[in-house]
Amino acid sequence: MDRFPFPDDLIEAQREWHAAYRALAVPRPRHATELRRRLLLLSVRIEWHPFWSTPAGWSPAARVELRRMTAGDRRTDAA
C-alpha cells in the first residue's frame, strides 16, 4: 500500500521534527534555543538520510509524501 518504503528511523525523525516545530510555533515557547537546535539536528538527519540515495528516494514526491504522512498528528485549535 505504501508507495515509498520509508525506513522507521526516517519516519520517526520527521515526526520529531514536526513536534519540535509545533512546540516552537507557540507564542513565547519555552526552551526556544533548545528547540531550534533540535530542529537543526533533525533537519540534517532527515536531509542526509541514506534513503534519499536509493532509487525510491530519488523522487521529489517521496519527500512530500514523508512530510504528508508524518504531519497527520497536527492539531487545530479552534478555541
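**Salt bridges, core and pocket**

Glu 16 and Arg 38 form a salt bridge in which the closest N and O atoms are 2.1 Å apart. Glu 16 belongs to helix α1 and Arg 38 to helix α2, so this pair ties together parts that lie 22 residues apart in sequence. The structure is a predicted model. Glu 16 has a relative accessibility of 26% and therefore counts as partly exposed. Arg 38, at 32%, is likewise classed as partly exposed.

How many salt bridges does a search of the whole structure find? The count is 3. Another of them joins Arg 63 to Glu 47, with 3.4 Å between the closest N and O atoms. This pair also links distant parts of the chain, since Arg 63 sits in helix α3 and Glu 47 in helix α2, 16 residues apart. Arg 63 is partly exposed at 26% relative accessibility, and Glu 47 is partly exposed at 42%.

In a further salt bridge, the side chains of Arg 68 and Glu 65 meet at 2.5 Å, N to O. Here both residues lie in helix α3, 3 residues apart, which is about one turn of the helix. Arg 68 has a relative accessible area of 53% and counts as exposed because the cut-off for that class is over 50%. Glu 65, at 23%, is partly exposed.

Next comes the nonpolar interior. In soluble globular proteins, nonpolar side chains tend to be buried together. The largest nonpolar core of this model has 11 residues: Phe 4, Phe 6, Leu 10, Ile 11, Ala 13, Leu 42, Ile 46, Phe 51, Trp 52, Ala 62 and Leu 66. Helices α1, α2 and α3 each give two or more residues to this core, and the largest share, 3 residues, comes from α1.

Which residues does Leu 66 contact, leaving aside its neighbours within four places in sequence? They are Phe 6, Leu 10, Ile 11, Gln 14 and Trp 52.

At least two lining residues come from each of α1 (8-25), α2 (32-47) and α3 (60-70).

Definitions and conventions
Residues numbered from 1 in each chain as written. Predicted model: local features only at pLDDT ≥ 70, side-chain atom pairs only at ≥ 80, totals over all residues. Heavy atoms only, no water. Helix = DSSP H or I, 4+ residues; strand = E, 2+ residues; numbered from the N terminus. Core = buried A, V, L, I, M, F, W, Y, C linked by side-chain atoms within 4.5 Å. Buried < 20%, exposed > 50% of the residue type's maximum accessible area, 1.4 Å probe, protein only. Contact = heavy atoms within 4.5 Å. Salt bridge = Lys/Arg side-chain N within 4 Å of Asp/Glu carboxyl O.
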